[in-house]
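Okay, everyone, thanks for coming. Let me put the structure up and then talk you through it.

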Amino acid sequence: MPFLLALKAEALHLADRTLEALETIREADAVVERFENRYWSAELRRLRGVFLATTDADETQIEASFGAAIRIAKEQKSISLAKRAEETYAEYRRQKASGSGESRFRLPLC
């Protein structure tokens, strides 16, 4: 179920409905907690970071989401999810450092 909710969140984000995408991520987190199925937790944190970055959220929240995604993936020994989270976080930092003046980040979903 968390996987399907993550797909729904991605679709909402691509349709410029990012606030709804964040709500869907919250829903997925609730499912993860309820059923203690933490397999998709790292990806949910990464997506939250992407969505927060595109909504001009507090930088602390964005950094925490990416940091949690990387930490969880490494704890689960998921090389692919850790690499994906690290690459997305690096792109966020690159775009932030470039200071292009654009308020919305264009971060990869996958």
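This is a predicted model: local features need pLDDT of at least 70, side-chain atom pairs count only at pLDDT 80 or more; totals for chains, interfaces and linings use all residues.

**Overall fold**

So, the protein has five helices and zero strands. Reading from the N terminus, the order of elements is simply α-α-α-α-α. The radius of gyration is 13 Å, close to the 13 Å that the globule rule gives for 110 residues, so the protein is as compact as a globular protein of that length. The C-alpha trace spans about 40 × 30 × 20 Å along its principal axes.

Of the 110 residues, 44% are buried. Accessible surface comes to about 6,400 Å², and carbon and sulfur atoms account for 53% of that. If you take contacts between residues at least 6 apart in sequence, 56% of them join residues at least 24 apart.

**The inside**

Now, which residues have the most contacts inside the largest nonpolar core? Those are I25, L44, F51 and I62, in a core of 20 residues. The elements giving two or more residues to this core are α1, α2, α3, which covers 41-54, and α4. Take I25: if we skip its neighbours within four places in sequence, I25 touches A9, L44, L47, R48 and F51. There's another core lying apart from that one, with six residues, including A42, A73, L81 and A82.

**Aromatics**

On to the rings. The count here is four aromatic pairs. One of them is F3 with W40: the ring centres are 5.2 Å apart and the planes sit at 85 degrees, so that pair is edge-to-face. F3 is in helix α1 and W40 is in the loop between α2 and α3, so the pair ties together parts that are 37 residues apart in sequence.

Y92 is buried, with a relative accessible area of 1%, and Y89 is partly exposed, with 21%.

**Charges**

Next, the charged side chains. As a reminder, side chains of opposite charge can pair when their charged atoms come close. In this model, the count is 13 salt bridges.

Let me start with E59 and K96, where the closest N and O atoms are 2.9 Å apart. This pair links distant parts of the chain, with E59 in helix α4 and K96 in helix α5, 37 residues apart. Both ends are partly exposed: E59 has a relative accessible area of 31%, and K96 has 34%. They also belong to a network of salt bridges that links E59, E63, R93 and K96.

Another one is K74 with E86, at 3.2 Å between the closest N and O atoms. K74 sits in helix α4 and E86 in helix α5, so here the pair ties together parts that are twelve residues apart in sequence. E86 is partly exposed, at 32% relative accessible area.

And then K83 with E87, where the closest N and O atoms are 4.0 Å apart. These two are four residues apart in helix α5, so about one helical turn separates them. K83 is partly exposed at 49%, and so is E87 at 47%.

**Two backbone spots**

Last topic: backbone angles. Most residues other than glycine have a negative phi. So which residues have a positive phi without being glycine? D16 is one, with phi near 60 degrees, and K77 is another, at about 60 degrees.

Where are they? D16 is in the loop between α1, residues 2-14, and α2, residues 18-35. K77 is in the loop between α4, residues 59-75, and α5, residues 79-98. D16 is exposed, with a relative accessible area of 60%, and K77 also counts as exposed, at 71%.

Okay, that's my tour; over to you.

Key: Residues are numbered from 1 along each chain as its sequence is written. Side-chain values use heavy atoms; hydrogens and water are left out. Buried means under 20% relative accessible area, exposed over 50%, partly exposed in between (1.4 Å probe, protein chains only). A nonpolar core is a set of buried Ala, Val, Leu, Ile, Met, Phe, Trp, Tyr and Cys residues joined through side-chain atoms within 4.5 Å. Contact means heavy atoms within 4.5 Å. Rings of Phe, Tyr and Trp (its six-membered ring) pair if their centres lie within 6.5 Å; planes under 30 degrees apart count as stacked, over 60 as edge-to-face and the rest as tilted. The radius of gyration is taken over C-alpha atoms; the globule rule is 2.2 Å times the number of residues to the power 0.38. Accessible areas come from the Shrake-Rupley method with a 1.4 Å probe; for residues, only the protein chains shown count as cover. A salt bridge is a side-chain nitrogen of Lys or Arg within 4 Å of a carboxyl oxygen of Asp or Glu.
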